[in-house]
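Subject: Structure for you to look at

Hello,

Here is the structure I promised to pass on. Please open it and keep it beside you while you read my notes.

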Amino acid sequence: MPGNENIRSLLEKARDGNSHAFSQIYHLTYEKNYGIVNQILKNEQDTKDVLQDTYLKIYQKIEQVQEMNLYSFFAWSRKVALNTALDFLRKQKQNLCKTAASWDRENDIETEVLDLRVENQPELAMLQKEACDSVYSVLEELPAEQRECAVLFYVQELSIREIADITCCSENTIKSRLYYARKKMQAKLGDFFPE
């Protein structure tokens with residue numbers, strides 16, 4: 001593990017276009033970033049795709065990275081990985097909704113057998129979609145730090161300890177963010193988000 005001076009030297013060289021220095025940065029950060037992204041996506045191919053996007057973003061923004069010490073650089077790198085994974089999930093959700101809607105229009109087939117699946121009960125499917133849309137719309141209104149914790153806790157079902165590790169925050173900070181996020185969601189969603 002390099003020291004502060006070594007990471008500053010690598011960052012400086014990478015900013016100057018030294019591909020070997022960026023390769024070293026990649027190898028120093030890959031394992032932790034892989035762990036974060038894989039924990040969120042739980043799919044090997046998606047994880048690799050998101051990590052490729054992550055390192056492209058890091059490479060593109062490396063010029064903006066100023067005097068960072070070892071800890072702050074690794075934290076920044078993990079934050080880029082986390083945000084890229086969350087963006088990927090958001091896009092996946094949007095694509096799934098579009099695909100489901102177009103499939104419903106294209107495959108308007110009547111069934112003779114009683115089908116209890118939610119997607120084949122229009123009233124129930126509509127209520128479920130409204131609830132899902134309401135939750136995501138309230139999530140988007142939350143401050144970034146609270147939204148990040150809420151998504152990791154409620155959507156990805158990570159533990160408070162795992163979220164603390166990913167975000168480089170204390171468990172108490174995560175609990176506090178979740179508490180305030182929960183209060184705001186309860187105020188806006190009522191029955192959809194009980195105490």
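Lys-57 is partly exposed, with a relative accessible area of 28%. The model is a predicted one, so treat each value here as computed from it. The side chain of Lys-57 meets that of Asp-87 in a salt bridge, 4.0 Å from N to O. Asp-87 lies in helix H4 (residues 70-106) and Lys-57 in helix H3, so the pair ties together parts that are 30 residues apart in sequence. Asp-87 is partly exposed too, at 29% relative accessibility.

Now the other salt bridges. The count comes to 5. One of them joins Lys-79 and Glu-148, at 2.8 Å from N to O. This pair links distant parts of the chain. Lys-79 sits in helix H4, Glu-148 in helix H6 (residues 144-155), and they are 69 residues apart. Glu-148 is buried, with a relative accessible area of 5%.

Lys-48 pairs with Glu-44, and their closest N and O atoms are 3.9 Å apart. Both lie in helix H3, 4 residues apart, which is about one turn of the helix. Lys-48 is partly exposed at 42%. Glu-44 is partly exposed at 38%.

Next, a charged residue without a partner. Asp-46 is in helix H3 (residues 44-61). Asp-46 is buried, yet has no salt bridge. How far away is the nearest side chain of opposite charge? That side chain is Lys-48, and it is 11 Å away. Leaving out residues up to four places away in sequence, Asp-46 touches Leu-41, Phe-88 and Gln-92.

On to the aromatic rings. The whole structure holds 8 aromatic pairs. In one of them, Tyr-30 and Tyr-55 have ring centres 6.4 Å apart and planes at 25 degrees, so the pair is stacked. Tyr-30 is in helix H2 (residues 19-41) and Tyr-55 in helix H3, 25 residues apart. Tyr-30 is partly exposed, at 26% relative accessible area. Tyr-55 is buried, at 6%. For contrast, look at Phe-73 and Phe-74. Their ring centres are 5.9 Å apart and their planes are at 65 degrees, so this pair is edge-to-face. Both Phe-73 and Phe-74 are buried. Ring pairs also link Tyr-26, Tyr-30, Tyr-34 and Tyr-55 into a cluster.

Last, helix H8. Its 19 residues should span 27 Å at 1.5 Å a residue. The end C-alpha atoms of H8 are 26 Å apart, which agrees. Which residues of H8 are buried? They are Ile-174, Arg-177, Leu-178, Ala-181, Met-185, Gln-186 and Leu-189. Seen down the axis of H8, the buried residues fall within an arc of 165 degrees, so they line one face of the helix. Asn-172 and Ala-187, on the other side of H8, are exposed.

Ser-176 also belongs to H8 (residues 171-189). Ser-176 is partly exposed, with a relative accessible area of 34%. Between Ser-176 and Gln-146 there are 8.9 Å in space, C-alpha to C-alpha, and the two are 30 residues apart in sequence.

Best wishes

Terms used:
Residues numbered from 1 in each chain as written. Predicted model: local features only at pLDDT ≥ 70, side-chain atom pairs only at ≥ 80, totals over all residues. Heavy atoms only, no water. Helix = DSSP H or I, 4+ residues; strand = E, 2+ residues; numbered from the N terminus. Buried < 20%, exposed > 50% of the residue type's maximum accessible area, 1.4 Å probe, protein only. Lys, Arg positive; Asp, Glu negative; His and termini not counted. Contact = heavy atoms within 4.5 Å. Expected span 1.5 Å × (residues − 1). Arc of directions from axis to C-beta. Phe/Tyr/Trp six-rings, centres within 6.5 Å; stacked < 30°, edge-to-face > 60°.
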